[in-house]
Amino acid sequence: DWVRQINAAAPFASDPAAELAPRFSADGQQVIYIRRNEQRSELVVHDMRSGERRVVVSGPEIITSPVFFPDGQRIAYRRQTPAVCEIVEHQLDNNTRRPLLDCKLKPLSRFDLSIDGHQLVFSARATDEYPSKLMLLDIRTGQIATLTQPQPGEGSDVLPRFSPDGMRVAFFRGSESHQRVWIVDTSPPHASKAATAVEGLSYGLV
């Protein structure tokens, strides 16, 4: 069934620039994605009902991981310039933004937002001695908790995604072609376990 659905897929967008990282809004009525060429990045919101596309962010910075807040009126994404690196909350109606996380913890480009919009999970490499670990930001208070702590030699924890109920996060642990899926609880003591023994090249999960 899955193969048949993929083979029946129809073109959604086709631009000379690279089109990357699509995410649905909570109600399924909007899709946000990145359009990028060598000079600039754009964030595009596509209305599934009307087919209208609008560019909500455009500039020379590198933009990654766009994701909707539950209300569909705000988005979060990571932006990086030679002078600035941050994850921001962006209001679509008035085009204003505020920083959620700076780059002191060296957050990687791929993160996720809980379905209630209250928590943000990201991968960070706070020290050079240890691989990247998962951390949880409470957007309401600004407090940050450590979810995982891989040991040297285990590889980094990357590409996190929340479960629909926000109680768990799935991610990949490993290095290069030897990554496997792990699961960690978002509530203390943040118990984690491997979800599979299969290892390989990994690009994302949901």
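Author: What follows is a talk about the bonds, surface and pocket of this model. It is a predicted model, in which local features need pLDDT of at least 70 and side-chain atom pairs count only at pLDDT 80 or more, while totals for chains, interfaces and linings use all residues. Residues are numbered from 1 along each chain as its sequence is written, and side-chain values use heavy atoms, with hydrogens and water left out.

Reader: Okay, how many disulfides does a search of the whole structure find?

Author: The search finds one disulfide, a term that stands for a pair of cysteine sulfur atoms within 2.5 Å. Cys85 and Cys103 are the partners, with 1.7 Å from S to S. They link distant parts of the chain, 18 residues apart, since Cys85 is in strand 7 (residues 85–91) and Cys103 is in the loop between strand 8 (96–102) and strand 9 (107–113). Strands here are DSSP runs of E with at least two residues, numbered from the N terminus.

Reader: And is Cys85 buried or exposed?

Author: Cys85 counts as buried because its relative accessibility is 16%, where buried means under 20% relative accessible area, exposed means over 50%, and partly exposed is in between, with a 1.4 Å probe and protein chains only. Cys103, at 23%, counts as partly exposed.

Reader: Changing topic, how many salt bridges are there?

Author: The search of the whole structure finds 13 salt bridges, each being a side-chain nitrogen of Lys or Arg within 4 Å of a carboxyl oxygen of Asp or Glu. One of them joins Asp112 to Arg161, with the closest N and O atoms 3.5 Å apart. This pair links distant parts of the chain, as Asp112 is in strand 9 and Arg161 is in strand 13, 49 residues apart. Asp112 has a relative accessibility of 2%, so it counts as buried.

Reader: What about Asp138, which residue does it form a salt bridge with?

Author: Asp138 forms a salt bridge with Arg140, and the closest N and O atoms are 3.4 Å apart. Asp138 is buried, with a relative accessible area of 18%, whereas Arg140 is exposed, at 58%.

Reader: Why does the salt bridge of Arg180 and Glu199 tie together parts that are apart in sequence?

Author: The two side chains meet at 3.1 Å, N to O. Arg180 lies in strand 15 (residues 180–185) and Glu199 in the segment after strand 16 (192–194), so the pair ties together parts that are 19 residues apart in sequence. Arg180 is partly exposed at 25% relative accessibility, and Glu199 is partly exposed at 41%.

Reader: Which residues are linked in a network of salt bridges?

Author: Asp71, Arg74, Glu89 and Arg98 are linked in such a network.

Reader: Okay, and the largest pocket, which residues lie nearest its centre?

Author: Arg23, Phe24, Leu113, Ile115 and Arg161 lie nearest the centre, out of 18 residues that line the largest pocket. Two or more lining residues come from each of strand 1, strand 5 (62–68), strand 9 and strand 13 (156–162). Strand 1 gives the largest share of the lining, three residues.

Reader: So what does "pocket" mean here?

Author: On a 1 Å grid over the protein atoms alone, a pocket is an open set of points where a 1.4 Å probe fits, with protein on both sides within 12 Å along at least five of seven lines, and lining residues have an atom within 4 Å of a point.

Reader: Where is Phe24 found?

Author: Phe24 is found in strand 1 (residues 18–24), and it counts as exposed because its relative accessibility is 55%.

Methods
Helices (H or I, at least four residues) and strands (E, at least two) are DSSP runs, numbered from the N terminus.
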